[in-house]
Every structure is written in structure tokens, then in C-alpha cells.
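The following exercises concern one protein structure. Please examine the sequence and the model before reading each solution.

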Amino acid sequence: MRVLLAALLLVGSTISGTSQAAATPAVGPTAGLPYVAVIWPVTEKRLGKSWRPGCPVGPEGLRLITLTVVGLDGRVHLGELVVAKEVAGEVAKVFGELYRAKYPIERMVTVEKYDADDDKSMAANNTSAFNCRPITGGTEWSNHSYGRAIDINPVLNPYISGSGAVYPPNGAPYVDRTRTDPGLIHAGDATVRAFERRGWDWGGYWTTPIDFQHFEKPAAG
């Protein structure tokens with residue numbers, strides 16, 4: 001375990017220097033590799049364009065999680081998420097369940113790799129959490145701005161607005177939820193249950209908009 005953890009941290013140290021279009025780096029085959037998650041403090045510099053003065057949560061209220069995920073290629077990859085300090089432990093446990101269930105995630109890099117542009121991140125099927133921005137189509141802070149929302153495989157699990165617009169647009173084929181492609185999220189499946197057990201809500205149950213990629217746990221009160 002110590003050798004594996006050291007290897008993961010070494011790979012993780014290269015992520016912050018990757019390009020905007022970076023893919024989640026491969027670690028190895030799934031066989032024999034246990035799930036690993038490490039929770040770190042995060043700095044303003046590390047958050048890049050995803051944070052700015054005036055955001056509702058400062059860097060001290062956020063944590064960076066470096067964790068292993070199973071990719072769509074069936075191999076183990078190293079991912080990174082930024083979430084609220086208060087939920088970091090349970091988020092790590094959720095993704096541990098998904099890892100053991102071999103739920104595949106194509107890409108998981110923090111959104112400053114996409115200049116904090118949510119559209120670019122979604123179009124790349126990038127799983128992400130913190131991004132200081134308003135709600136889609138509105139002016140109030142999104143729960144992503146608090147580090148209390150996570151979007152998973154956005155192309156495979158698109159957002160559908162009240163008018164029927166699909167985000168990201170390349171997710172349009174996956175509006176058909178009778179599909180069973182790896183990485184899709186369906187009502188009552190293991191992915192939804194892993195979040196629900198910890199008090200998170202799934203946007204796939206909403207009426208309008210419908211947000212199949214989205215899980216959130218707003219702060220109480």
C-alpha cells in the first residue's frame with residue numbers, strides 16, 4: 001500500500017502542470033490495485049481561474065482530493081476533485097464505492113485546466129466539482145461555488161433545460177435514457193445510491209431542468 005500510495009502521489013504531482021486538454025493519467029490495470037484517496041488543503045494559486053475574490057467559499061474552506069478511478073478503458077487512472085472541506089471525507093468514500101463497483105469515469109481533472117469554462121469541461125466529459133460560477137441560466141451561486149456539487153461524465157449524463165436545450169450539445173445522443181452505455185447514471189443504480197446514503201440529491205430526479213450528471217448536498221440552513 002505504501003509503495004502504491006507513493007506512486008500515486010508522484011503521478012499526482014504532475015497533474016497541476018498538465019495542459020487544458022489533459023486526460024486523467026493512467027496508473028495501471030484494475031486487478032490488484034486498491035482504492036486510494038488523499039485529501040489535501042488547496043491554495044488560491046492551485047485553484048486558478050476557478051476561484052476569485054468574492055466567491056462564497058475561500059480556499060481554506062475547500063479540499064483537493066486525489067483519488068483512483070476506473071476509466072472507460074477499464075484501467076485505473078488518477079483523478080482530482082475540489083470539494084468543500086466538510087464533505088471531502090464522504091466524497092472520498094462515495095468514489096471508493098464507485099471504484100469497487102467498477103463504475104467508469106472517462107476524465108477527472110479540476111476545472112482550471114479548462115480555464116474554469118464549464119462548457120469546455122462538460123464537452124470533454126470531465127467529471128468535476130468546485131467551480132465558482134452562477135447556476136446555469138441564472139445569477140445565484142451554483143452549489144459548485146460552495147464545493148457541494150459534482151458533475152459526473154457530463155456527455156454521457158447531460159443537462160436538459162426547461163426549453164429542451166442539451167448541455168453539453170455533444171451529449172444529445174444520451175438524452176435517451178434507455179441506453180446502457182458504461183458510465184451512464186440511472187435512477188436507483190449503485191451510483192445514485194452511493195450518494196443518497198450520504199444525503200446527496202441527484203439532478204436526474206428533477207422535473208425541470210433535468211440534470212443527469214449532477215449530485216449536490218447544499219449546506220444546512
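**Exercise 1.** Is Glu 90 buried or exposed?

*Solution.* The structure is a predicted model, in which local features need pLDDT of at least 70, side-chain atom pairs count only at pLDDT 80 or more, and totals for chains, interfaces and linings use all residues. Residues are numbered from 1 along each chain as its sequence is written, and side-chain values use heavy atoms, with hydrogens and water left out.

Step 1. Recall the cut-offs: buried means under 20% relative accessible area, exposed over 50%, and partly exposed in between, with a 1.4 Å probe and protein chains only.

Step 2. Apply them: the relative accessible area of Glu 90 is 19%, so Glu 90 is buried.

Step 3. Locate the residue: Glu 90 belongs to helix H3. Helices (H or I, at least four residues) and strands (E, at least two) are DSSP runs, numbered from the N terminus.

Step 4. List the surroundings: when neighbours within four places in sequence are left aside, Glu 90 is in contact with Arg 198, Trp 200 and Lys 217. Contact means heavy atoms within 4.5 Å.

**Exercise 2.** Determine which cysteines form the disulfide, and describe the link.

*Solution.* Step 1. A disulfide is a covalent bond between the sulfur atoms of two cysteines; the criterion here is a pair of cysteine sulfur atoms within 2.5 Å.

Step 1. The structure contains 1 disulfide. Cys 55 and Cys 132 are its partners, with an S to S distance of 2.2 Å.

Step 2. This pair connects distant parts of the chain, 77 residues apart. Cys 55 lies in the loop between helix H2 (44-47) and strand E3 (62-70), whereas Cys 132 lies in the loop between helix H4 (118-123) and strand E5 (149-151).

Step 3. Because the torsion about the S-S bond of Cys 55 and Cys 132 is about -115°, the disulfide is left-handed. Both Cys 55 and Cys 132 are buried.

**Exercise 3.** Describe the backbone and burial of Asn 125.

*Solution.* Step 1. Asn 125 is not a glycine, yet its phi is positive, about 60°.

Step 1. Asn 125 is in the loop between H4 and E5, and its relative accessible area of 3% makes it buried.
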